[in-house]
Structure formats: structure tokens, C-alpha cells
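These are my notebook entries on what I looked up in the structure.

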Amino acid sequence: MAKNIKLKIDGVDVQVEDGKTVLDAARAINVHIPTLCYHEDLCVAGNCRVCVVEVTGAKALVASCAMPATDGMDVLTNSLKVRAARKNIIELLLSEHNADCTMCYKNKKCELQDLASEYKTSGEQLFIDLVPLKDYTIDNFSPSIIKDDSKCIRCQRCVRTCEELQHVSALGVAYKGDKMKISTFFENPMYDVVCTNCGQCINRCPTGSLIERNYVDEVWDAIYDEKKHVVVQTAPATRVALGEDLGFEAGHVVTGKMVSALKRVGFDSVLDTDFSADLTIMEEGTELLTRLKKALVDKDPTVKLPMATSCSPGWIKFIEHTFPEYLDNLSTCKSPQQMFGALAKTYYAKKRDIDPADIVSVSIMPCTAKKFEADRPEMRSSGYKDVDYVLTTRELARMIKQAGLDFLSLPEENYDSIMGESTGAAVIFGATGGVMEAALRTAYEIVTGREVPFENLNITPVRGMDGVKEVTVKIEGTLPDWNFLEGAELKTVTAHGLTNAKYVMERVKSGEADYHFIEIMACPGGCIGGGGQPIPTNMEIRKKRTEAIYMEDTGKPIRKSHENPEVVAIYKEFLGEPLSHKSHELLHTHYKARQRY
Amino acid sequence: MTKNKLKRIDLIFHEDCECRQVLEKTFSRSNDEIINDILESGLKGRGGAGFPTGLKWKFTAEQPADERFVICNADEGEPGTFKDREILFKVPSKVFSGMAVCAKVIGAKKGYIYLRGEYRFLLPELQKALGAFHRDIKDLIDFEIIIQMGSGAYICGEESALFESMEGKRGEPRNKPPYPTISGFKDKPTVINNVETLVYAFMICKHGPLSFKELGTSDSRGSKVFSVSGDTPIAGIYELELGMSLEHFVEEFGDGDTKAVQVGGAAGFCVPRKKLKETIIGFEGVPTGGSMKVFNSSRSMYNVLHNYLEFFEEESCGQCTPCRVGCQQLLKGIEAVKKGEKKAIYLDQLLKLSETMKLASKCGLGQSVANSFSSIVDNFREEMIY
């Protein structure tokens, strides 16, 4: 049992569990201690020193984020000594920071700026401006992430994110002393290292040092180009997070308002990635069943199992770098974004009688890796760049603000057609376990003719924030075509965050696990915790977004992908059947191995 | 000039080492008896921080764990200290023996010597001596010493940065607590002692605590090896009793024109001539890891400070704000004052900054920059300005 620690903070008695820090204790009684390098999702670094407090009897000040609370401690969070040190530390950070705030993408969203406005009382810079003395660089070669060293305050949140949450370690600390910086392998640009473009570092960067490459102006240009027909698709996870940047609490579903805003912003057609998520289930579910059949019935030794999902572009790049020998285990399905893109300039263009050359295809994604994905050479099967511009949820919020819209008072509107229809199965793509659940809802029904044996179709064991969720589904009462699966146990695993992905893949590699189907999302919590989502992020916020996703699912009249009427229609009119020649041409692809470093 | 010669001690380098006999005798006693002897002797860490060695051993021994380590910190990087190099060169088996005693007391099977990168030239001889030592004590104790090379970063002499470096990570100090006695190398309870400390511990086992305790003062028991350099006709390594006044030290080692003594290297204190008399070398006065740098009147104290600050600016690990940016600001600050770009009063701003660095830096490096900075600026302010 955790014992209770009794201490005093600013004269107030407080009790916390053993193992809690002084910062935890202060927060428990709503005493605000400023922090910068501290982040709930990450291990404690204790290096910015902004959170120093005075402990009576101790010679030096202590970092409250790193100091365990102990019995009898008498802590002062705002003594003269603390204030003097804190002010000096903030001034030091500012002297090293390129404070071109009005030109900064993170203006008014910067934690250093917040601190400066709290603590700076004089207009003068206390110390010498070090920025002009340094040889700072901006790495803007990546289609996803821009890294500006002149704004870095060396808190190492990004380094810890990349290492702990993602086990990627594309970012690390280089050099020491005044030359110390956050860098990459051999200081190569971000696009040329193992970076998966997941953007989790961006979500945790307190300043404007790491930001997404933004395409807001390009999209405005397209919208105002009379000759262009601009279609926009919105990913499942955007609708449960966009509100956070526009005045709503976390966990608020804003689908209707978002659609309304997109129409007012001027997109010619506002469509839903949910449609292609359902399509993905049709293709990927069929692919899984086909692989199982080839393995079990035809005893085909070339069939690769387990099959892994391929929706998450961060995960794709991770496997290309880290487990290239398992590339054939990936489902050949493109991600819903790219399926949508390929269809927008083929099926949609044909149906709407528009020259695909005049279509500009924009997607709103919770993700920065999607920007890289859209730029892949593999993603031009329509004959054009399938998706022209990818905007993050944050960029959309910015556009809405630029358009002068009052988001809170916007009416709710419906998606346009065609390719705007969605099901509950598609919505849950936004949360970890969602693709797994959607696939099982459809695949089980294809095989048995009955719904999955879970109450209200809710496959709860694959949901939630556990990093790795193993679920076995027993298949019984198969239809005649699927007799070979009678009594089979379908072993699945769902993982989110690349650290967990790596764990799962190591288990597969060592032979410890014999899964059939693996769902992996690169980001913690799945897409709702994506690198393009509103900042800040933490477990509580991710849980609220997830709850919202499942609420949206429950409220949908149709909750199974194969029942999406537009999906049924596209097979009838255009694709034929899942895994048809046409599908392969437009909706499937292969990836290639990349360097390990 | 040398009429009141300071008493020379000859414990460390005295070639009396029948290490095996001493170890046999020591191992025949209980761990508690050995720890009590070390505690009784009053031995404090010779790296400079001065933590009681017996307590360190005791805490580590008492910490429940499946594995414990003893580490000899031979990352002798403080500017102006070179005594560990000499100890390892001349009497390596005494260092090994000190580690073996510690290993018995705390129950360690493995010990490491973290050797400063620049001391690689010592390695062949050390390995040879270590091989002989292992053969010699094989039947006495199940204990192996491994020599691990550092790579030249000053910060890796900081104990927790040293652990990180040994674990193959970037040498950056950890948050404390937990202290090494609870969680050190590989997160196991670890004793980490300076080279000299281990030898003294061993000598205490040989001679008993009383002969050690008789030397020095109540706060600073025993003797200490000093690295004397700078403006002195007799630079070198001297083992002297702790607790002497700097005046006596200068009488013997100065060149007759001594302006100041930097005690404890770049991280230590600068004592001007007028304060030599009242300043005691020891934990009650100015502590030192051994570096004693004598400056005569030909030296510019601005240049001395500038040199130290350049050193710190480069050798800060860069992890924590006060140290990383603070060192740069102190250096750029005194340059600006010297050039007249900042007014002399800016020095007060910098003194306040150095106080923040002392209070709020993560490790001893950043905390000790203020020592030399404030002692030089306070005592030689005019040299900073003109």
C-alpha cells in the first residue's frame, strides 16, 4: 500500500502518495509552479530548472518535478530566492531563444512566451542576446516537419518523445556546452533519417522549434482559383479534436460544425475520409481472409502472416526502417487518405464530369506523417498526385480563424455526396483498436453470416489505452464457403505508439507470438492522439477524444463498413469487387526498405 | 623562505605495499568493524565534495539489492589537478586494494575504474598491475576490477554523469535523489570514490583510524595530496596535512610575489593575498580536490577568469538552463564589460546570475561556476573593468 506523505507547501498542509513529487503535491492543492521540460507523457528530465522551489533546510533550490515529496518537507514555491532564480532562468532561456514572436507559427501558443509574459516586467532584455552569435539552422527539407534550432530551448521533450514513446530516436542531443543542440544522426535533415514524421515531437515542443510544414496558403490559393475544383476529405479523428482549437472543451464532437466551416471556407465539395475507411475495411478484410485461405487451404508457403494494417503512415515508415523484412506482411491496402485521393481524381471526377487535372484534393488529417505519405511516389495512381495538400487539424483551425468564422455559432451541416457517407465502423478508425474492431465486424459477418458476438457490436477488448491488446476471436458456424475457418481462433493484437509496435514486432520476430492480424497506429491512442492534433495533448485529453469517437460510432445508423451504401455503390459501378484489378490499380501499393539510421 | 616547512606526509606514495597481507588482515574482520574504522578516521571524499566515506559505504551496504558496485572515479579533469594520475602510475595496487576492501564491505563482485580519456597512456601498465593484483587476491575474495575509459568530457567526472557514460549513454548528470548509494551504476547501489579516497581507506585499514585522525583538524581529518602549479618554483605533487592556512602554503610554495591562489581548480575559489592568512585549506575553509594554482602579480585575473569561463562554457553538458546559458552569459558578460559595451554595474547582474547558477543548476558543475566567478570578480573587480 502506498503510504501517505505529509508535507507543507507554502504553509499549506498536503498529503500525497509515496512516490509523488513536490510538483505533484503542489498541483494537488492547486499551487501553480511553472514548468517547461516537464510533460505528463514523458519521464522527468529536470533540466529546464524553471520549476525550482525552496525546501527549508536545503542549501540549493530543487527542481520540483524531479524531487520526491518526503515527510515533513517544508516547501516554498514563491520565495524571494525562488523568484530571483526563476526570473534569471527565464531570462537566460530568452537570451538563447530567437524571440521573433510575431512572425512565429506558434505565436500565442508558446509556453516560453506564456512564462515570459508572466515574469517579465521590464521591456529590457536582462542578458546579452546570444542568438546572433550562434550558427542556427532551419531544417525545412521534410514535407512534414520543420525544425528551427533558433527557437529551441533544449528541454529535450522531443528527444524523450522520440525515444520513449516512439522508440525511434531520430532526435537526440548532440555536442555539449554552448554548442549543445537537438539533432539527428550525423545532423542529417529530418527527411533523411529514421524520423517517421509522426509529429509527436511537435505536439510536445513548448516553443516553435518543431512545427508542421503548413500548406494553408497553398490551399487558399487553390480555393480562390476559379478553374480548380477543390475537394476536401476529413479524417475520423479530426472531428473530435478540432473544437479544442476553436473554443470547445476536449472531447466535443464537432462534425457538423466542421463541415459547415469547410463549406464556408470555400471548398467545392466537403467529403469524408470515413467513406474510404469503410472501403479500406472491405479491401483489407477481404485481403486477410484471402491470406488465411491461401495459408490454411492452399498451404501456400509464400503467404505472409500475420497481416498488419497499413493505415498509419508513421507506422509504415517505421517498418520500412526498422523491420523491412516484414514489409510483405503489411496489408497492400493504401491508407484511407490515399484511397480517397486516388478515387477523387478517377471515380469522383468521372461521376461529377470534371477533368481530374482541375481537381485539387485536400485532406484534413490529425497527422503530420500524412503529408509525407501524400508526397510518396507510390501515391500517384490516378495519374496525378492523388492528394495535393494535407492539412493538420491545427491548420484547419487556423484557416477557420482566418476566414473570420465564429465556429461556436456555426450550424451543423452534412457532408456532400458522393464519397461523403460514413459508418460507425469508419469513425472508430480514429482510435486505437478501431480498425481492428471495424475489420472484425465485417470479416466475421462475411465468414459466418452473423454479427460479431459482442454486445451492440462493441468489441470492447480491443479498445482503450493499454499499449498492447491481444484478443482472440473464435470463429464458429461458418458459411459453406468459409468452412476451413470453422473452429479457428483468429489471434489479433492491437498496439499504439511505436514503442508498443516495436514490442509486438519483436515478439513476432522471435516467434513468441503467432498472430494472424496486427493493428498498429503510430501515435499514442491512435489518430486521436496524432501529431497534427491540437496542442496540448495528454492522457486525459486523449481519453476524452476517444470517448467522443465511440459516442459518434454508437450514434450512427449504420455501424458496419460493408453496409455503407456509397461503398456498395462504388463496387457495383466502378471497382467490381474487393481486390479486383481496378482496386489493385488504385487502392493498393507496396513499400520499400529504408536505411536503418 | 622555507624555514617553517609544512609537514610532509608519506602515506599515499610510500612503497610499503604488501597489499595482500593488509587485505588478509582486513578481511578477517567484520564489515561493521571496517566501516566503523573508516567512520572513526573521519575520512571525507578527496574528490572535493567531502562526503564522509564511511557513511557512503555504510549506506550502500545497507541498501537491499541483488548487485552492488564499487567505482573508482579516475576521471581527473579539474584544471590544475594531476595527483590521481600519479597515484595510478605509482601505486596502482593500493587503489585496487582500497576497492577490494570496499567491495567486501558492501558485497560487490565487480568494481570499475573510470579512467580519464586523456590518461589512456596509463592503461597498459595499469592492466598489467591489475592482472597481477587479480592473481594475488584470487583466493581472498571474489572480486573483479574492470577499467573503463572515459572520452574526455569534464562532466563525466560528476558521479551520475559518469554512470550514464559507463552505461553507454550521453554523459549527463541525473536528478538527485536518488543518490548513488541507493541507485547508481545500472541503477544498483554504488559506492563511487575518488582514487585518493580509496587509497586512504586502504591505508586506514593498514594503520588503523587513529593515526589518520591525529592529522588535520576536527572538520578535515588526515592528509591530502595536492597538485601544486602556477607561479611556483616547486610545482609538483605533495602530500600535506589538511587544515594549514593558505599563508603557510604560500610561504612555502609561492615565488615571493603571490597575488592569489586558486584553490580547487576552475570549480574552486580564488583567494587573494589579503585573505591568505585567514583562509584554511580544508572543509571548514576552502575545500579542494587537490588543485592549488598560484598566481603572481604578472597575471591578469581577468584572463584567468576568462579562461575558466571558456572552459565551463565548453564543458557544461548543456542539459540544464542555468549552467548551459549561464556560462555563456558570464563569459560574454565579462567580455562586454571589458570592452566597455556594458557598464561596470553589469558585473552585479552577473554576480546575481552566478548565484542563481549556484542555487538552481542540476549538478555540481553549474553550481560551482559561481565559486571562481564571484571570488575573482569580488576580489579583483577593477581588473575586470580596466
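Before the first entry I note that helices (H or I, at least four residues) and strands (E, at least two) are DSSP runs, numbered from the N terminus. I am working with a predicted model, in which local features need pLDDT of at least 70 and side-chain atom pairs count only at pLDDT 80 or more, while totals for chains, interfaces and linings use all residues. Residues are numbered from 1 along each chain as its sequence is written, chains are lettered from A and ligands numbered from 1 in the order in which they are written, and side-chain values use heavy atoms, with hydrogens and water left out.

**Entry 1, a loop residue.** I found Asp187(B) in the loop between α7 (159–166) and β4 (190–194) of chain B. Asp187(B) has a relative accessible area of 53% and therefore counts as exposed (over 50%; buried is under 20%, partly exposed in between, with a 1.4 Å probe and protein chains only). Beyond its neighbours within four places in sequence, I list Glu167(B), Arg174(B) and Ile182(B) as its contacts (heavy atoms within 4.5 Å). I also looked up Glu278(B), which is 91 residues from Asp187(B) along the chain, and the C-alpha atoms of the two are separated by 43 Å.

Chain B is divided into domain 1 (19–213), domain 2 (223–296) and domain 3 (301–385), with bounds that come from an automatic or database domain assignment. The C-alpha centres of domains 1 and 2 of chain B lie 26 Å apart, and their contact takes 18 residues from domain 1 and 21 residues from domain 2. Between these two domains of chain B the buried area is about 1,400 Å², of which carbon and sulfur atoms give 59%; this is the accessible area (1.4 Å probe) that two parts lose on being put together, summed over both.

A nonpolar core is a set of buried Ala, Val, Leu, Ile, Met, Phe, Trp, Tyr and Cys residues joined through side-chain atoms within 4.5 Å. In the largest, of 56 residues, Trp57(B) and Leu115(B) touch the most other members. A second, separate core of 54 residues includes Ile71(B) and Cys320(B).

**Entry 4, a sheet in chain A.** I traced four strands of chain A in an open sheet, in the order β12-β11-β14-β15, with parallel pairing (two strands pair if DSSP finds at least two bridges between them). The edge strands of chain A are β12 (269–272) and β15 (389–392), each pairing on one side only.
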